[in-house]
Amino acid sequence: MKTATLFRPTGPNELALVEESGFKRWPPRLSEQPIFYPVCNEDYARQIARD
C-alpha cells in the first residue's frame with residue numbers, strides 16, 4: 001500500500017487553533033468553509049490559504 005500525503009489549506013487563525021490543540025485536531029470548519037478540501041500539492045495548498 002502506498003502512502004498519499006494530503007495538504008489542507010490553512011490560514012493563520014485556523015493554524016493557531018490547531019496549535020492550541022497540541023496539533024492533535026482540526027477546529028470545526030468555519031461557515032465560509034463548508035467542505036473539507038485537502039489537496040495533493042503543497043504549493044497549491046499554500047496558494048489557497050494565502051488567497
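Of the 51 residues in the chain, 18% count as buried, where buried means under 20% relative accessible area, exposed over 50% and partly exposed in between, with a 1.4 Å probe and protein chains only. The model is a predicted one, in which local features need pLDDT of at least 70 and side-chain atom pairs count only at pLDDT 80 or more, while totals for chains, interfaces and linings use all residues. Residues are numbered from 1 along each chain as its sequence is written, and side-chain values use heavy atoms, with hydrogens and water left out.

The secondary structure comprises 2 helices and 0 strands; helices (H or I, at least four residues) and strands (E, at least two) are DSSP runs, numbered from the N terminus. Taken along the principal axes, the box filled by the C-alpha atoms is roughly 30 × 25 × 20 Å. Among contacts (heavy atoms within 4.5 Å) with a separation of 6 or more, 49% are accounted for by residues 24 or more positions apart.

## Surface and charge

The chain has an accessible surface of about 4600 Å², and carbon and sulfur atoms contribute 55% of this. Accessible areas come from the Shrake-Rupley method with a 1.4 Å probe; for residues, only the protein chains shown count as cover.

There are 7 positive and 7 negative side chains, and the centres of the two sets are 8 Å apart. Lys and Arg count as positive and Asp and Glu as negative, without His or the chain ends; each charge is placed at NZ of Lys, CZ of Arg, CG of Asp or CD of Glu.

## The nonpolar patch

Ile35, Tyr37 and Tyr44 make up a nonpolar surface patch with about 300 Å² of accessible area together. Patch residues have over 30% relative accessible area and no salt bridge; like charges are joined within 9 Å and nonpolar side chains (Val, Leu, Ile, Met, Phe, Trp, Tyr) within 5 Å. A salt bridge is a side-chain nitrogen of Lys or Arg within 4 Å of a carboxyl oxygen of Asp or Glu.

Ile35 lies in the loop between α1 (12-20) and α2 (42-50) and is exposed, at 52% relative accessible area. Tyr44 belongs to helix α2 and is partly exposed, at 37%. Apart from neighbours within four places in sequence, Tyr44 contacts Tyr37 and Val39. Tyr44 and Phe7 are 37 residues apart in sequence, with a C-alpha to C-alpha distance of 8.8 Å.

## Backbone at Phe23

Phe23 is also placed in the loop between α1 and α2, and is exposed, with a relative accessible area of 56%. Although not a glycine, Phe23 has a positive phi of about 60°. Most residues other than glycine have a negative phi.
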